[in-house]
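This report is meant for someone meeting the structure for the first time. It begins with the protein as a whole and then turns to one pair of packed helices.

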Amino acid sequence: MDNTPIGQLLRNAQQDDAEIKRRKLTLYFISYVGGTIIAFMAWLNWGTNNPLLVGVLTTSASVIYLNVALSLLFPKSDIFYYFAGLIVLFTINALVYTGGLNNTGLYFIFPLLFIQIIVVRFKPAMLYVAVTIGLSIYMLYNQDVIVAKYPAEHVSRFLIATFCFICVAFIGENFWHKSRKEMLRENLERMRQANTDPLTKLPNRRFLETVFFERAMKDPGAFFPLTAVVVDIDHFKKINDTFGHDIGDEVLIHFTSVIKSAVRASDIVARTGGEEFLVLFPLASLSQGVKLAEKMRKVVEESPFTEGDINHNITASFGVATALTEDKLHASLKQADDNLYKAKNGGRNRVAE
């Protein structure tokens, strides 16, 4: 799996919106419907001789509503999904303990278990279900410690049905997750091809516009200040005219490896034109960007292209500008481009800010 910043951005662009929306809607729907049903059951049992059951149901419904309300206030936090699983754990074992109305509480275990499986992520759900059923089994075979009384034949049949249900539910979830992962992998490869320059394997302009800049706008704290460096190989047309376009392509590949070696792992190097590149330094000030650009310039100057009897010195010009906030991004890109022409007009092989 590609764990580079570019690969991570592509995966985020592909997965985040759909997956986050699916999980949120699942949590909201189950919480509203489940909480309402549990509250209705508490109301039905109001006034019976089982105040413990009423208290348990009322508490569960209240905590469910509180959990979903907090998830709306803090939409980026995953803790509410796991807390929903704990609520289900409590409710199931409370039903086993109290017996529900006339010891019919066991009948409500199956939908609650399914909620636990689909709300919590697949692997943590296995632990949640194991703990939930483990506690239930202990109470069912030690009925002297609980309020409810279940006939032995009901217990054995309930557990057989429960284990069958759990196996089927997890098998279904497992195959769904596997098919979804395969689909995501195929889509990710298509996205990678569409967002990658075929010659240099660098991100292209499409990646910058549809993935990187969009993510930066959504989460400015992780990207700004953002320093942009527009890079152009000096006299590249002369290289093509002298050695041919095949050698020109090899020079571009060589140049790519050189500038990538001079930047940080978190930085983005993209090819935006024939011999033009854009390097983006997230969370970097103008002074930091200028230093990094100067480092690239020196590395390029000290790394001539060699192949066979060809030994050709390469230089490049650099235009630097910084966007302090997301609303200044496009203006800073234009400024960096203008500064590139300033560097070229000043004699090339230099950094202009």
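In this model, which is predicted, 45% of the 353 residues of the protein count as buried. The secondary structure comes to eleven helices and seven strands, and among the contacts with a separation of 6 or more, 70% are accounted for by residues 24 or more positions apart. The radius of gyration of the protein is 30 Å, whereas a compact globule of 353 residues would have one near 20 Å. Taken along the principal axes, the box that the C-alpha atoms fill is roughly 95 × 40 × 25 Å.

Two packed helices are described by the angle between their axes and the distance between the axes. For helix 4, residues 109-119, and helix 6, residues 152-194, the axes come within 11 Å and cross at roughly 30°. Because angles under 35 degrees count as roughly parallel, helix 4 and helix 6 are roughly parallel to each other. The crossing in which helix 4 passes helix 6 is right-handed.

| Helix | Residues in the contact |
|---|---|
| Helix 4 | Ile109, Phe110, Leu113, Phe114, Ile117, Ile118 |
| Helix 6 | Phe158, Ala161, Thr162, Phe165, Ile166, Ala169, Phe170, Glu173 |

Notes:
Residues are numbered from 1 along each chain as its sequence is written. This is a predicted model: local features need pLDDT of at least 70, side-chain atom pairs count only at pLDDT 80 or more; totals for chains, interfaces and linings use all residues. Side-chain values use heavy atoms; hydrogens and water are left out. Axes are lines fitted to C-alpha atoms, for helices over the stretch in contact, and angles run from 0 to 180 degrees between N-to-C directions. Helices (H or I, at least four residues) and strands (E, at least two) are DSSP runs, numbered from the N terminus. Angles under 35 degrees count as roughly parallel, over 145 as roughly antiparallel, 65 to 115 as roughly perpendicular and the rest as oblique. A crossing is left-handed if the near helix is turned anticlockwise from the far one by less than a right angle, and right-handed if clockwise. Contact means heavy atoms within 4.5 Å. The radius of gyration is taken over C-alpha atoms; the globule rule is 2.2 Å times the number of residues to the power 0.38. Buried means under 20% relative accessible area, exposed over 50%, partly exposed in between (1.4 Å probe, protein chains only).
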